Amino acid sequence: SAAVRASEKGQQWECALHTLDLVGRSSIAPNAILYSSVVSACDSGQQWELALELLRRALSSELAPDIVAFNAAMDTCATGRSW
């Protein structure tokens with residue numbers, strides 16, 4: 001999560017997404033906090049479609065995205081003017 005949050009602050013959404021991918025390939029299961037951080041990183045990169053896809057993935061894997069993830073996705077859509 002710390003690496004993803006650093007990517008978010010540095011507007012490096014690709015790095016955050018790569019970190020999520022690496023975690024998914026390891027024996028460690030991604031959690032809701034990690035997904036929230038990656039969705040937030042998508043906001044700084046104006047990647048609204050990716051943010052929504054990440055929410056879908058989290059929900060389909062039975063994770064419960066928190067309010068932070070949903071707010072970040074809404075912010076990303078607003079930034080991209082994709083309401």
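This is a predicted model: local features need pLDDT of at least 70, side-chain atom pairs count only at pLDDT 80 or more; totals for chains, interfaces and linings use all residues.
A helix axis is here a line fitted to the C-alpha atoms over the stretch in contact, and the angle between two axes runs from 0 to 180 degrees between their N-to-C directions.

The protein chain contains five helices and zero strands, and its elements follow the order α-α-α-α-α along the sequence. Of its 83 residues, 34% count as buried. The accessible surface amounts to about 5,000 Å², and carbon and sulfur atoms contribute 54% of that area. Among contacts with a separation of 6 or more, 61% are between residues 24 or more positions apart.

The account may begin with helix α3, residues 32-44, and helix α4, residues 48-60, whose axes come within 9 Å and cross at roughly 170 degrees. Angles over 145 degrees count as roughly antiparallel, and α3 and α4 are therefore roughly antiparallel to each other. Their crossing is left-handed. On the α3 side the contact is formed by Y35, V38, V39 and C42, while α4 supplies L50, A51, L54, R57 and A58. Sorted by class, this contact of α3 with α4 comprises eight nonpolar residues, no polar residues and one charged residue.

Between these two helices lies a loop that includes Q47. Because its relative accessibility is 25%, Q47 counts as partly exposed. Leaving aside residues up to four places away in sequence, Q47 touches W13, C42 and T76. C42 also belongs to the α3 side of the contact with α4.

The crossing of α3 past α5 is left-handed. Here S36, V39, S40, C42 and D43 of α3 meet V68, A69, A72, A73, D75, T76 and T79 of α5. By class, the contact of α3 with α5 is made up of six nonpolar, four polar and two charged residues. V39 and C42 take part in this contact and also in the contact of α3 with α4. T76, which is on the α5 side of the contact, is one of the residues touched by Q47.

Helix α4 has a further partner in helix α2, residues 13-25. The axes of α2 and α4 lie 13 Å apart, and the helices pack at an angle of about 20 degrees. That angle makes α2 roughly parallel to α4. α2 passes α4 in a left-handed crossing. W13, L17 and L20 of α2 form the contact with L50, L54 and R57 of α4. The classes represented are five nonpolar residues, no polar residues and one charged residue.

Methods: Residues are numbered from 1 along each chain as its sequence is written. Side-chain values use heavy atoms; hydrogens and water are left out. Helices (H or I, at least four residues) and strands (E, at least two) are DSSP runs, numbered from the N terminus. Angles under 35 degrees count as roughly parallel, over 145 as roughly antiparallel, 65 to 115 as roughly perpendicular and the rest as oblique. A crossing is left-handed if the near helix is turned anticlockwise from the far one by less than a right angle, and right-handed if clockwise. Contact means heavy atoms within 4.5 Å. Ala, Val, Leu, Ile, Met, Phe, Trp, Tyr, Cys and Pro count as nonpolar, Asp, Glu, Lys and Arg as charged, and the others, Gly among them, as polar. Buried means under 20% relative accessible area, exposed over 50%, partly exposed in between (1.4 Å probe, protein chains only). Accessible areas come from the Shrake-Rupley method with a 1.4 Å probe; for residues, only the protein chains shown count as cover.
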